[in-house]
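Hi everyone, thanks for making the time this morning. I'd like to walk you through one structure, so please have a look at it while I talk.

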Amino acid sequence: MSAPFRVALSGDFRKADGSPVFPDFDLAPLKQAPGVEMAYLDPVNPLRADQLADFDALILLAHRFAKESVHPNGRLAVVARFGVGYDTVDVEACTKAGIALVITPDGIRRPVAVSIVTLMLALTGKLMVKDRLTREGPPGFARKGEHMGVGLVGRTLGSIGIGNIGAELFRLLKPFDMKFIAHDPYADRKLAAELGVELVGLEDLFRRADIVSVSCPLSPETHHLVNAERLALMKPTAYFINTARGPIHDQKALTKALQERRIAGAGLDVLEQEPPDPNDPILKLDNVIFAPHALCWTDQCFAGNGAADVKAVLDVQHGREPRLVVNKAVLATEAWKKRMAEFRARFGG
Ligand SMILES: NC(=O)c1ccc[n+]([C@@H]2O[C@H](COP(=O)([O-])OP(=O)(O)OC[C@H]3O[C@@H](n4cnc5c(N)ncnc54)[C@H](O)[C@@H]3O)[C@@H](O)[C@H]2O)c1
């Protein structure tokens, strides 16, 4: 019998008592797959190479996969991120070592787009304020006229990024009769046109949008892309939403703009520092709605990410090319092709 195909799960998939952090991540298809052996790693961050020496595949939650995580024995074939952000993964190191990096856009597309809609509706509908007024009883009810919401028909939604999530956001909001604009230097122009989205320059987006939402990856290019100068271009009635990554906004500048009411409010699923310092002044503001980088966390989100990762790992086990590989160059190498042929020979194609 051939040696098993060994799959590691990063240690942060388990609580200290050994129970799963996300019970909706169904591991049964992996456990039941012929020829597969699965094990949790110790919760070490970043992952150490020696932890991964005996594994063919890694399913990775939030721990870092760094240069030091690559074992020189070359056994690891695939890192399957549980989600789509891969700023925790050294992609260059993966590519150099012939490791394919897979992400799960199918799992998070709808849940994250829904979380942007949730923040947009809560902000413009003044949901949090109205919740507080109600809890105050009669004095709160007496002040309800002071908190008019903002209707959305004809208002402009601007997305920084029109990829997997940004496009889904526009799809979901079609019946809202809003104007759609987006800034994305790498946009699929045909898709934007199909969705009725006007592609605009970055400054133009900040000037025109009633809601500015961020759905681009964190990279050196997008770090502090939302800065004091760009926030100053926003309408005083406009809202800012970030569900992508905290360091895309300059939080000091954002806090100042919000404190001085130079913009109407913000919805933040992500912060520059997570978790934030409890004394961070942004936490004191009543025109911000926060979520702890978890607004998209639903049963369906985790089931979807898990199913996508398990499929990718089992594809590699059977020598099939996984979908949604970030570093596609790996798939074109002779070493990868040889490896896939070996897997097909061992486990069936
Ligand atoms: N809050 C959460 O829990 C959560 C969950 C999933 C993803 N995310 C974040 O959302 C981001 C977007 O996810 P996605 O699946 O839509 O990714 P994606 O790669 O499909 O889309 C990102 C889009 O951003 C564009 N882009 C790149 N650089 C840009 C720039 N400088 N300015 C404007 N646009 C730029 C890309 O061209 C692409 O179209 C991820 O990178 C991740 O960080 C957050």
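Predicted model: local features only at pLDDT ≥ 70, side-chain atom pairs only at ≥ 80, totals over all residues.

The peptide bond that joins asparagine 45 to proline 46 is cis, with omega at about 0 degrees. There is another cis bond to show you, between glutamate 274 and proline 275, and there omega is about -10 degrees. Proline 275 sits in the loop between strand 11 and strand 12.

Stay in that loop for a moment, please. Asparagine 287 is also placed between strand 11 (265–268) and strand 12. Is asparagine 287 buried or exposed? Its relative accessible area is 8%, and the cut-off for buried is under 20%, so asparagine 287 counts as buried. Its side chain reaches the backbone oxygen of leucine 258, at 3.1 Å.

Asparagine 287 also brings us to a pocket. The second largest pocket has a volume of about 320 Å³. It is lined by 19 residues, and those closest to its centre are Lys126, Val129, Arg132, Asp286 and Asn287. Helix 3 (105–124), helix 4 (127–136) and strand 12 (288–290) are the elements that each give two or more residues to this lining. Which of them gives the largest share? That is helix 4, with six residues. By type, the lining of this pocket divides into ten nonpolar, six charged and three polar residues.

Now for the ligand. It is surrounded by 24 residues, and the closest are Asn164, Ile165, Asp184, Thr243 and Asp269. I'd pick out a few contacts. A backbone N or O atom of threonine 243 is 2.7 Å from a nitrogen atom of the ligand. Arginine 245 uses its side chain: one of its polar atoms lies 3.3 Å from a ligand oxygen. At glycine 163, a polar backbone atom is 3.4 Å from an oxygen atom of the ligand.

On to helix 11, then. This helix covers residues 299–317, which is 19 residues, and spans 27 Å from its first C-alpha to its last, close to the 27 Å expected at 1.5 Å a residue. Its buried residues include Cys301, Phe302, Asn305, Gly306, Asp309, Val310 and Val313.

Just after helix 11, glycine 319 has a positive phi of about 70 degrees. Leucine 324 has a positive phi too, about 60 degrees, although it is not a glycine. You'll find leucine 324 in the loop between helix 11 and helix 12 (334–347), and at 30% relative accessibility it counts as partly exposed.

Arginine 261 lies in the loop between helix 10 (251–259) and strand 11. How does its accessibility class come out? At 48%, arginine 261 is partly exposed.

That's my tour, and I'm happy to go back to any part of it.

Notes
Residues numbered from 1 in each chain as written. Heavy atoms only, no water. Helix = DSSP H or I, 4+ residues; strand = E, 2+ residues; numbered from the N terminus. Expected span 1.5 Å × (residues − 1). Buried < 20%, exposed > 50% of the residue type's maximum accessible area, 1.4 Å probe, protein only. 1 Å grid on protein atoms, 1.4 Å probe; cavity = no way out; pocket = protein on both sides within 12 Å on 5 of 7 lines; lining within 4 Å. Points joined across faces, edges and corners; volume = space filled by probe spheres on them. Nonpolar A, V, L, I, M, F, W, Y, C, P; charged D, E, K, R; others polar. Near = heavy atom within 4 Å. Polar contact = N/O pair within 3.5 Å; in protein donor to acceptor, adjacent residues only side chain to side chain.
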